[in-house]
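Here is a short tour of one protein model, written for someone who likes to know where the side chains sit. Have the structure open as you read.

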Amino acid sequence: MMTQNIIFPHYMEDTDLELARLKLAFPSELPPAKLAAPTPLLPPPPFSSSSSFLLQQFFLPTSLPLVPPPPLPHSSSHPLTANSRPTRRKRAGPTRPSRTRKLPMNILRQGKSPTVPAPYPWATTERAKVRSLKDLLSGGIDKIKGDVQCKRCDREYQIEYDLLEKFHEVDAFFIENMDNFHDRAPPGWMSPKLPKCRICGQNNCVKPVLDKKRSINWLFLFLGQMLGCCRLAQLKYFCKHTKHHRTGAKDRVLFLTYVGLRKQLES
């Protein structure tokens with residue numbers, strides 16, 4: 001079989017050489033990646049009568065009518081904006097008058113007098129106030145008496161104390177325990193040890209006789225360290241008329257009573 005010699009024209013050889021030179025001078029870049037063609041969206045399935053039946057059966061019940069929600073309440077005169085807040089309306093009614101705090105000192109009921117007849121020679125005409133130690137000694141009063149009653153035999157009699165002896169006893173106890181009080185009465189004053197009955201001989205059973213508040217024998221209770229036998233209301237009575245703070249527990253009010261009577265005697 002004879003081969004045929006293919007002869008290319010001369011202009012084709014010159015073109016191939018020119019293309020080869022251009023490829024060596026400017027290297028070819030990678031061809032851009034071909035993007036996949038987007039998948040076409042499928043059309044929705046046709047709406048059949050069975051689909052309409054299921055939609056009405058499960059999502060749109062025919063027994064309950066669709067009612068639109070009620071509009072939000074607002075006032076036409078005061079429209080709500082982003083920067084405004086609703087204001088509360090004040091209820092119309094009588095306004096409560098402002099209270100004025102009463103002074104806790106020397107408040108007496110109507111018809112009460114700040115002075116009373118002196119119930120004892122060592123007491124003054126002022127409520128819950130005794131005479132000073134100097135005044136009593138200058139007047140020849142050095143013995144203090146008080147009525148007591150036995151809790152066992154119910155017999156009443158009087159106990160007499162020496163004024164100077166008992167005052168120095170209480171004063172020494174006060175000075176010795178001053179740093180341990182902390183404005184509170186010690187247990188020995190809260191639950192005082194009562195004297196022995198002279199009639200039945202029973203120990204720790206004689207209590208002081210306490211009648212009305214204005215007739216309490218304050219000096220006798222102070223010397224015998226039996227102020228703890230008073231009730232809280234009686235101790236508050238003393239603090240009220242001696243210008244002491246009377247709010248608090250009994251141990252605090254009792255401590256203030258001892259301090260007040262000691263100050264009265266030393267004045």
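What follows covers a cavity, a helix and the cysteines of this predicted model.

Let's begin inside. The structure holds one cavity of 30 Å³ or more, and the volume of this largest cavity is about 90 Å³. Its lining is made up of 16 residues, and P119, A123, A128, I216 and W218 lie nearest the centre. Sorted by class, the lining of the largest cavity comes to ten nonpolar, two polar and four charged residues.

Next, look at helix α8, which spans residues 232-241. Seven of its ten residues are buried, so α8 is largely enclosed by the rest of the structure. The buried residues are Q234, L235, Y237, F238, C239, K240 and H241. Among the elements covering them are α7 (218-223) and α9 (250-266). Just after α8, K243 takes a positive phi of about 60°.

Now for the cysteines. A disulfide is a covalent bond between the sulfur atoms of two cysteines. With a cut-off of 2.5 Å between the sulfur atoms, the count here comes to zero disulfides. C150 is in no disulfide, and the nearest cysteine sulfur belongs to C205. For C229, the closest cysteine sulfur is in C230, too far for a bond.

How values were computed
Residues numbered from 1 in each chain as written. Predicted model: local features only at pLDDT ≥ 70, side-chain atom pairs only at ≥ 80, totals over all residues. Heavy atoms only, no water. 1 Å grid on protein atoms, 1.4 Å probe; cavity = no way out; pocket = protein on both sides within 12 Å on 5 of 7 lines; lining within 4 Å. Points joined across faces, edges and corners; volume = space filled by probe spheres on them. Nonpolar A, V, L, I, M, F, W, Y, C, P; charged D, E, K, R; others polar. Buried < 20%, exposed > 50% of the residue type's maximum accessible area, 1.4 Å probe, protein only. Helix = DSSP H or I, 4+ residues; strand = E, 2+ residues; numbered from the N terminus. Contact = heavy atoms within 4.5 Å.
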